[in-house]
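This report describes selected local features of one protein model together with its ligand. Please keep the sequence and the structure in view while reading.

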Amino acid sequence: MKYNVNAIRNDFPILHREVYNKPLIYLDNGATTQKPLRVINCIRDFQRFRNSSIHRGVHYLSEQATGEFENARKTVQQFIHALHPHEIIFTPGTTASINGIAFSFGEKYVKAGDEILITEMEHHANIVPWQMLCERKKAVLKVIPFSDEGKLKLDELDRLITPKTRLITVIHVSNTLGTVNPVEEIIRKAHASDIPVLVDGAQSVQHTPIDVQKMDCDFFVFSGHKVYGPTGIGILYGKEKWLEELPPFQGGGEMVDVVTMEKTTYNGLPFKFEAGTPNYIGAIALAEALQYISGLGLDHIAAYEQELLDYGISKLSELEYVKLYGTTRPKSAVISFNLDGIHPYDAGMIMDKMGIAVRTGTHCAQPVMQHYGISGTIRASLALYNTCEELDALVDSVKKVKTMFS
Ligand code: PMP
């Protein structure tokens, strides 16, 4: 199949709008992706014709909605190649998934003096919940550092893993540097010491095929809105044995079996972890998004985005005043850079007026900025619908910024 980016762009209505009377060039996909029409229509049609709360309803609409919700779970299961549908828990997003595991795992398995191992390139969502756990339990947070090229220093892993290590959590693809971390290698080492691993897939699942069984991670989390689905829905995948063992992280309706005023027994998987009315419309629309990108083929998407990445990097590298961050390979479709002597925020403001949407700042990864001693970067994060022409426009805008500040 030939990758037809122009046809693909027609699936995304927002890409045809203008900002400041200029064509929108959307390069902020790491923050959130745009939605194809079939996802937009899926939400609209469900609300309009089929809406009903799921589970425990005997009426037609409720049963139909329940069926669609549970089918969405199977779609996610197949998409990440989980063994069972009940290993897929719907949450509001990556942040909620990580907080849930940090609380639940922490309550059961972490005590004073135990250690949690994270990396220096984590998003705040995969730092703060673990710091909160460590504070609660008087545990210790340890950190795998990275090199200036943006590569994790895995030779330090043997020293950092100790008999007190309870869990390792690692970002699959860095949202600031684009580094694709060798999670399989980390997992192999961790499992050799019986340590479970959580993988933050918020920036990988939209760029590369995921097989959680091959990866052998214990937990894998991601957000719907970064994978062409809606906001407010995300996934917590956990191996059955962990999800069976862990206590629920929220109490409420649906997650219970029998409730008396004295005691409550819990429902089975996956419902034990889905307290309250779930975002069933979000789940169904997320499944629609996953079917859409599966139809395009994750391998095709990955190959196309690598071409885009290489093109953008080669063009920006020609400019001697551009400093790129995250030069190691393998690397996903994120280009983080700064312009000599120009604050990223100022550059971003000017680029915006040219119709170019990039993100500037710390990208919720302040420790990465601290590593380089900088206040932030300009980040162009690419998606399956971006083009080399858009990257040319990005480079032109960079040149213009430089001229204006000279
Ligand atoms: N982890 C990574 C790597 C991310 O890029 C993000 C979002 N920028 C998150 C976690 C948090 O995702 P969300 O805000 O959708 O919960």
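Does Thr 169 count as buried or exposed? With a relative accessibility of 0%, Thr 169 counts as buried, where buried means under 20% relative accessible area, exposed over 50% and partly exposed in between, using a 1.4 Å probe and protein chains only. The model is predicted, so local features need pLDDT of at least 70 and side-chain atom pairs count only at pLDDT 80 or more, while totals for chains, interfaces and linings use all residues. Residues are numbered from 1 along each chain as its sequence is written, and side-chain values use heavy atoms, with hydrogens and water left out.

**A threonine in a strand**

Thr 169 belongs to strand β7, residues 165-171. Helices (H or I, at least four residues) and strands (E, at least two) are DSSP runs, numbered from the N terminus. The side chain of Thr 169 makes a polar contact of 2.8 Å with the side chain of Asn 126. A polar contact is a pair of N or O atoms within 3.5 Å; within protein, one must be able to donate a hydrogen and the other to accept it, and residues adjacent in sequence count only if both atoms are side-chain atoms. When neighbours within four places in sequence are left aside, Thr 169 is in contact with Leu 117, Ile 118, Thr 119, Glu 122, Asn 126, Trp 130 and Leu 198. Contact here means heavy atoms within 4.5 Å.

**Aromatic rings**

How many aromatic pairs does a search of the whole structure find? The search finds 15 aromatic pairs. Rings of Phe, Tyr and Trp (its six-membered ring) pair if their centres lie within 6.5 Å; planes under 30 degrees apart count as stacked, over 60 as edge-to-face and the rest as tilted. Phe 105 and Tyr 109 form a tilted pair, 5.0 Å centre to centre with 40 degrees between the planes. These residues, Phe 105 and Tyr 109, are 4 residues apart in helix α4 (residues 94-109), so about one helical turn separates them. Phe 105 is buried, with a relative accessible area of 2%, whereas Tyr 109 is partly exposed at 23% relative accessibility.

Tyr 228 and Tyr 385 form an edge-to-face pair, 6.0 Å centre to centre with 80 degrees between the planes. This pair links distant parts of the chain, 157 residues apart: Tyr 228 is in the loop between β9 (219-223) and β10 (234-238), and Tyr 385 is in the loop between β17 (377-381) and α14 (388-405). Both Tyr 228 and Tyr 385 are buried. Ring pairs also link them with Phe 12 and Tyr 292 into a cluster.

**The ligand**

Which residues surround the ligand? Among them are Thr 94, Thr 95, His 123, Asn 175, Asp 200, Ser 223, His 225 and Lys 226, each with a heavy atom within 4 Å of the ligand.

| Residue | Ligand atom | Distance |
|---|---|---|
| Thr 95 | oxygen | 2.6 Å |
| His 123 | nitrogen | 3.2 Å |
| Lys 226 | nitrogen | 2.7 Å |

On its own, the ligand has 400 Å² of accessible area, and the protein covers 84% of it. Accessible areas come from the Shrake-Rupley method with a 1.4 Å probe; for residues, only the protein chains shown count as cover.

**Backbone exceptions**

Most residues other than glycine have a negative phi, and most peptide bonds are trans. A cis peptide bond joins Leu 269 and Pro 270, with omega about 0 degrees. Pro 270 lies in the loop between β12 (264-266) and α10 (280-296) and is buried at 4% relative accessibility.

Although not a glycine, His 81 has a positive phi of about 60 degrees. His 81 lies in the loop between α3 (60-80) and β4 (88-91) and is partly exposed at 38% relative accessibility. His 363, which is not a glycine either, has a positive phi of about 55 degrees. His 363 is found in the loop between β16 (359-361) and α13 (366-372) and counts as buried at 7% relative accessibility.
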